[in-house]
2 protein chains.
Amino acid sequence: MEHELKIYNSLSRQKETFEPLHEGHVGMYVCGPTVYSDVHLGNCRTFVSFDVVYRYLMYLGYKVRYVRNITDVGHLEGDADADAEDKISKKARVEQLEPMELVQRHTRSFHHILGILNTLSPSIEPTATGHIVEQIQMVQEILDNGYAYIKNGSVYFNTPKFIKDHGVYGKLSGKRVEDLLSETRDDLKTRMKRTTLRFCHLDQSTDERHLMRWPSPWSVGFPAGTSNAHHEHQIPGQAVRHPRRRDGPAVPHHENEIAQNYGACGCMPVRYWMHGNMLLLNGRKMSKTPDPETGKSNSITPMELFSGENEIFSKPYSPMVVRFFMLQSHYRSTLDLTDDALLAAEKGFRRLMEANKVLQGLAYTGKGQQGALGEELEKLIGQVTEEMCDDFNTPKALAVLFDLVTKVNSLKDGRLPIGEVSEETFNRLKQTFHDFIYEIFGLKDEMEAGSEGNGITDGLMQLIIDIRQEARANKDWGTSDKIRDALKELDIVLKDSKEGTSWTKG
Amino acid sequence: MEHELKIYNSLSRQKETFEPLHEGHVGMYVCGPTVYSDVHLGNCRTFVSFDVVYRYLMYLGYKVRYVRNITDVGHLEGDADADAEDKISKKARVEQLEPMELVQRHTRSFHHILGILNTLSPSIEPTATGHIVEQIQMVQEILDNGYAYIKNGSVYFNTPKFIKDHGVYGKLSGKRVEDLLSETRDDLKTRMKRTTLRFCHLDQSTDERHLMRWPSPWSVGFPAGTSNAHHEHQIPGQAVRHPRRRDGPAVPHHENEIAQNYGACGCMPVRYWMHGNMLLLNGRKMSKTPDPETGKSNSITPMELFSGENEIFSKPYSPMVVRFFMLQSHYRSTLDLTDDALLAAEKGFRRLMEANKVLQGLAYTGKGQQGALGEELEKLIGQVTEEMCDDFNTPKALAVLFDLVTKVNSLKDGRLPIGEVSEETFNRLKQTFHDFIYEIFGLKDEMEAGSEGNGITDGLMQLIIDIRQEARANKDWGTSDKIRDALKELDIVLKDSKEGTSWTKG
């Protein structure tokens, strides 16, 4: 690859030069949702972040196999071990649905919302129920290696033995083995039971409420928290792992995936671990639990944000504005969703898209020579890529792109001399805007969202602009006022310039 | 239920009154696609047909659990037994993808195209790979019951023994047992191997090319043609089965599903078997194989039809026109896709939607009394439902709806006396149009397709209509001509009437 890509590896706690296992190929894995409820905005941020990673790796020329799982069984609810229940089973019972009906509903809505946010579909979307056989095989391997034991038909991971034998446990979270071992016996037991692999035996008393059940060598039961990493073994070129956003650096279920892989095959499942950071709402963690003082919960769904049907924000924010907003912060930083920040993002997004429209419409009128301005543009263009190669720094890349926006607007107005830009640089500028906006950042022109309506809207607007121009030429102020008022009603803004009149959705 | 629903049962070869197993509940199962290529138009017809069945059952008040599987392993290619290969494995190898990448790609495109056709998502979409454990269990049950045997690690269904023991085989296709048994030994062997359940053993020589492999009690291998009906056992109220369109009445793989279910549990998997009929293209079966004379293939994809990018039709046909076209024929009849038929469907579809727009905009101006006209309307309204209750006869229901369209247009023009219609009937008329167009037939207004553009388009059109009206009042023919020409370019037609000017996409 032409560019050197640096990735912050959570395992080593430093930026490392990315070196794929197999030249030109990357396997990336992102923890997908547990489909027992609709995806929330925090998840959306994670999936948008890693959508940009996916897009950028492809932009760099890698052939990427992007795997994002759907957890449709095995995500246990609550802390207590004895009563722990599968989240999907529980919710399905409450809603009087088959577990797989619930799964279908939320999988479809997950795809729908991620589609609205213009994320690309992953290469493979494995389900947990689709890998029962493999999970049982993996548990058996771990049992064979002595890192698990059977109790009442359930299989538990033997964490103390694993800690003693391997210096791996705790590496990701930064906890030292001695600290882990010095934790009270009870704590360790709880942690061990709570977070490590199991195959849970179902006894007769739980039969009726648990429709999801499979035979295993140990009992009839269901898998709980078994590593997804298994899939990765089948993926050549596997190199990057992108788990879901976590609240802090301690990621117990990823520690356990590492432990399970070591337990089964004695190897580290992946080389690069990436972790996104959390999304706040008005400075606080999102939570559906109502505040005792105000009685209001600090929570909003993606659709409430897009539609404006909420009491938190002053207006609706379109999916592309939200996506742009997310890119304005680095994936490893917390991001605070506020009205001011969204308003600013909306402005920024439209400024970027407008500048791109202007740029793509500009004809090259220079004479082919490269001057100081051309050199400056080349430098900025290179910088956009450099920032992205520095651990996918989208906010810095965007900042450089906005430096270029200023240049573009000045070029258009003639305040900067196109004579100082070679045609090659001019074309590279156009290409860079196009590639970064559409291909890498995955933004799209909002008026193009309704694909069918678009051509018609453009056509009608052209007609209206023509009529208005004629009316003004004829000093027919009645008609031009009527047009102004009607467009204002529709939130459409006209902009007059030397080149003619353009319009934007305001 | 208020209405008596009749369904043509392929098993009994007659219309039967539908009686659900569990009052108020229906389980329906539709054979979904094998996701090794994009869905073709014939499949689309089937899924649209059963989408209407699903919608109508819900309209009648049933709680419907609609299961439509995704076959992602086990669909063998070709007739020869020894070399038979899994379709997905083979295609994936050709395209140098993981089988599950191929599956993901075509599952997403399948959902996309069915979404464009406005079909509802089923309640559950089980995959074959998601039910390996269950398939192995079922094979074991059949083995235990003596209706299968093991050979070289593969399990085969024992068709001759099953035919001898049960009078069920051949019932669906109408073949007599004696005929089946009198077939030459070789034929029977081929049929048996080709079409019945197996768990195929993979030997070392095929190891490398077959990534999809699971351990079974008999060998490491993969399932082939195992019954999907297994899922149905878990569905309370299971009553209707809607397999994929077949070319004729002989449906070997459904015979085999019945046989497998009998073999495993001695019961018929479903009570009502429904089979759709095929879609022709210009009077001939669709086929990708080029005609030896013309060198052209008789085939078109859904997207080619919608976009107009094809050499077969004179223009693009929108998804809603295609859907309407499909409803104009009964699901058990063959349907011929021709330019003339599509042009007619387009006209019919727009006439229906336009009449609905008119009707929903009409205010009731009668005096509450019911007269002869009101009685006639009531009769027609009842008839729409009756036709649908007669084995989902969409063409006849549509015909009655078009009788009502004529009435609506006459009511609007004042050629029919609203004074003879009670307010209750008037409202029922509105409700019927709404329910049948949107809820049951699943049609939608095409201008509403681009959801975001819609409000804007309406607003801009209103502005343009106002300007045009004023221009005409001022005898400003220049402006009104300009508007006419621009709208013609955009394929928009204005219609002037007493009530004002309306517009349609032409």
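## Two copies, one axis

Chain A can be laid on chain B with an RMSD of 0.1 Å, using a turn of 180° and a shift of 0.0 Å along the axis. The two copies are thus related as by a two-fold rotation axis. The superposition is by least squares on the C-alpha atoms of residues with pLDDT of at least 70 in both copies.

This is a predicted model: local features need pLDDT of at least 70, side-chain atom pairs count only at pLDDT 80 or more, and totals for chains, interfaces and linings use all residues. Residues are numbered from 1 along each chain as its sequence is written, while chains are lettered from A and ligands numbered from 1 in the order in which they are written.

## The interface

Chain A gives 39 residues to the contact, and chain B gives 39 residues. Two residues are in contact if their C-beta atoms, placed from the backbone, lie within 7 Å. On the side of chain A that touches chain B, α3 (99-116), α4 (132-144), β10 (214-215), α17 (451-473) and α18 (477-489) each supply at least two residues. The largest share, 13 residues, comes from α17(A). Helices (H or I, at least four residues) and strands (E, at least two) are DSSP runs, numbered from the N terminus.

By class, this side of chain A has 17 nonpolar, 14 polar and eight charged residues. Here Ala, Val, Leu, Ile, Met, Phe, Trp, Tyr, Cys and Pro count as nonpolar, Asp, Glu, Lys and Arg as charged, and the others, Gly among them, as polar. Of the interface residues of chain A, 97% are also interface residues in chain B, so the copies meet through the same surface.

## Chain A overall

Chain A has 18 helices and 20 strands. Of its 506 residues, 41% are buried. A residue is buried if 20 or more other C-beta atoms lie within 10 Å of its own, exposed if 12 or fewer, and partly exposed in between; C-beta atoms are placed from the backbone. Among contacts in chain A between residues at least 6 apart in sequence, 71% join residues at least 24 apart.

A:H131 sits in the loop between α3 and α4 of chain A. A:H131 counts as buried, with 22 C-beta neighbours inside 10 Å. A:H131 and A:K505 are 374 residues apart along the chain, and their C-alpha atoms are separated by 47 Å.

## A helix pair in chain A

The axes of α14 (residues 372-389) and α15 (residues 394-413) of chain A come within 8 Å and cross at roughly 160°. Axes are lines fitted to C-alpha atoms, for helices over the stretch in contact, and angles run from 0 to 180 degrees between N-to-C directions. That makes α14(A) roughly antiparallel to α15(A). Angles under 35 degrees count as roughly parallel, over 145 as roughly antiparallel, 65 to 115 as roughly perpendicular and the rest as oblique.

Residues in the contact include A:L377 and A:L380 of α14(A), and A:L401 and A:L404 of α15(A). The contact of α14(A) with α15(A) has eight nonpolar, one polar and four charged residues.

## An enclosed helix in chain B

In helix α11 (residues 319-327) of chain B, nine of the nine residues are buried, so the helix is largely enclosed by the rest of the structure. Among them are B:R323, B:F324 and B:F325. The buried residues of α11(B) pack against α1 (41-59), α3 (99-116), α10 (302-307), β16 (335-337), α12 and α14 of chain B.
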